Amino acid sequence: MTRTRRLAGALAALLLFAACSPTFNWRTVRADGAPVQALMPCKPDRAEREVPLGGLNATLHMLSCDTGGLTFAVAWLDAGDAARAALALDAWRRATLVAVHADPALADDPAAQWPAAVPGTDRALGLQAGGRDPRGEPVSVRALHAAQGGRLVHAAIYGRAIDPELASTFFDGLRLP
């Protein structure tokens, strides 16, 4: 009987531990100096690199994490002024599609767009498409590109299947203070 109780106790502890370790552990994040605040479902890694984008060379800053078979990313850069930002934003939308081996012309296709809004931005555009990941496996992307003056923000979810409620939580959590 004692062994059965210990086994039951161990099982209860495992269940309690599992209940405290959710797949999507949402948290508000903002990197030092970032013009964007995001709601991320896992603790993000931070990275930055120089990128060419729409005739602009800029430092791209990124927060990203993987959970539940999905990758969540929020990136930003400063294009300098609104005119350069508009060109860079369009180039970023096309680059998002190229990254998943989708047709970049989808950036202008109304069927691939979704209504997007981000508090604090002048312009926000939603984009969704299917493509292939680096291993050649099917992948979906749901992305949002936004601008505030010369600052650009990109938020995206990549994975096989993207739950609409999960996407809504992620994208509704974006703010440009």
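1. The largest pocket. A pocket here is an open set of points on a 1 Å grid over the protein atoms alone, where a 1.4 Å probe fits and protein lies on both sides within 12 Å along at least five of seven lines; lining residues have an atom within 4 Å of a point. The volume is about 330 Å³, taken as the space filled by probe spheres set on the points, which are joined across faces, edges and corners. 

2. Basis of the model. This is a predicted model, in which local features need pLDDT of at least 70 and side-chain atom pairs count only at pLDDT 80 or more, while totals for chains, interfaces and linings use all residues. Residues are numbered from 1 along each chain as its sequence is written, and side-chain values use heavy atoms, with hydrogens and water left out.

3. Lining of the largest pocket. β3 (45-53), β4 (56-67), β5 (70-78), α2 (82-99) and β9 (151-159) each contribute at least two lining residues. Helices (H or I, at least four residues) and strands (E, at least two) are DSSP runs, numbered from the N terminus. By class, the lining holds 12 nonpolar residues, two polar and one charged. Ala, Val, Leu, Ile, Met, Phe, Trp, Tyr, Cys and Pro count as nonpolar, Asp, Glu, Lys and Arg as charged, and the others, Gly among them, as polar.

4. The second largest pocket. Its volume is about 240 Å³. Its lining has 13 residues, and Asp 133, Arg 135, Val 139, Tyr 158 and Gly 159 lie nearest the centre. β8 (138-148) and β9 each supply at least two of the lining residues. The lining divides into six nonpolar, three polar and four charged residues.

5. Overall make-up. The protein chain has three helices and nine strands, in the order α-β-β-β-β-β-α-β-β-β-β-α along the sequence. Of its 177 residues, 39% count as buried, meaning under 20% relative accessible area; exposed means over 50%, and partly exposed lies in between (1.4 Å probe, protein chains only). Among contacts with a separation of 6 or more, 50% join residues 24 or more positions apart; a contact means heavy atoms within 4.5 Å.

6. The nonpolar cores. The largest nonpolar core has 27 residues, and Met 40, Phe 72, Val 74, Phe 170, Phe 171 and Leu 174 touch the most other members. β2 (38-40), β4, β5, β8, β9 and α3 (164-172) each supply at least two residues of this core. A second, separate core of 14 residues includes Leu 60, Ala 75, Ala 88 and Trp 92. A nonpolar core is a set of buried Ala, Val, Leu, Ile, Met, Phe, Trp, Tyr and Cys residues joined through side-chain atoms within 4.5 Å.

7. Val 74. Which residues does Val 74 contact, leaving aside its neighbours within four places in sequence? They are Val 36, Ala 38, Met 40, His 61, Met 62, Leu 63, His 154, Ala 155, Phe 170 and Leu 174.

8. Leu 166, Ala 167, Phe 170 and Phe 171 are the buried residues of α3. They lie on the same side of α3 because they cover an arc of only 120° around the axis, the arc being that of the directions from the helix axis to the C-beta atoms. An α-helix has 3.6 residues a turn, so residues three or four places apart point the same way. Pro 164 and Glu 165, on the other side of α3, are exposed. The cover over the buried residues of α3 includes β2, β5, β6 (113-114), β8 and β9.

9. The loop between α2 and β6. His 101 lies in this loop and has a positive phi of about 55°, although it is not a glycine. Most residues other than glycine have a negative phi. His 101 counts as exposed, at 58% relative accessibility. Asp 103 lies in the loop between α2 and β6 as well and is partly exposed, with a relative accessible area of 46%.

10. Gly 69 is in the loop between β4 and β5 and is exposed, with a relative accessible area of 71%. Not counting residues up to four places away in sequence, Gly 69 touches Tyr 158 and Gly 159. Gly 69 and Tyr 158 are 89 residues apart along the chain, and their C-alpha atoms are separated by 8.8 Å. Ala 117 is in the loop between β6 and β7 (123-132) and is exposed, at a relative accessible area of 63%. From C-alpha to C-alpha, Ala 117 and His 145 are 9.6 Å apart.
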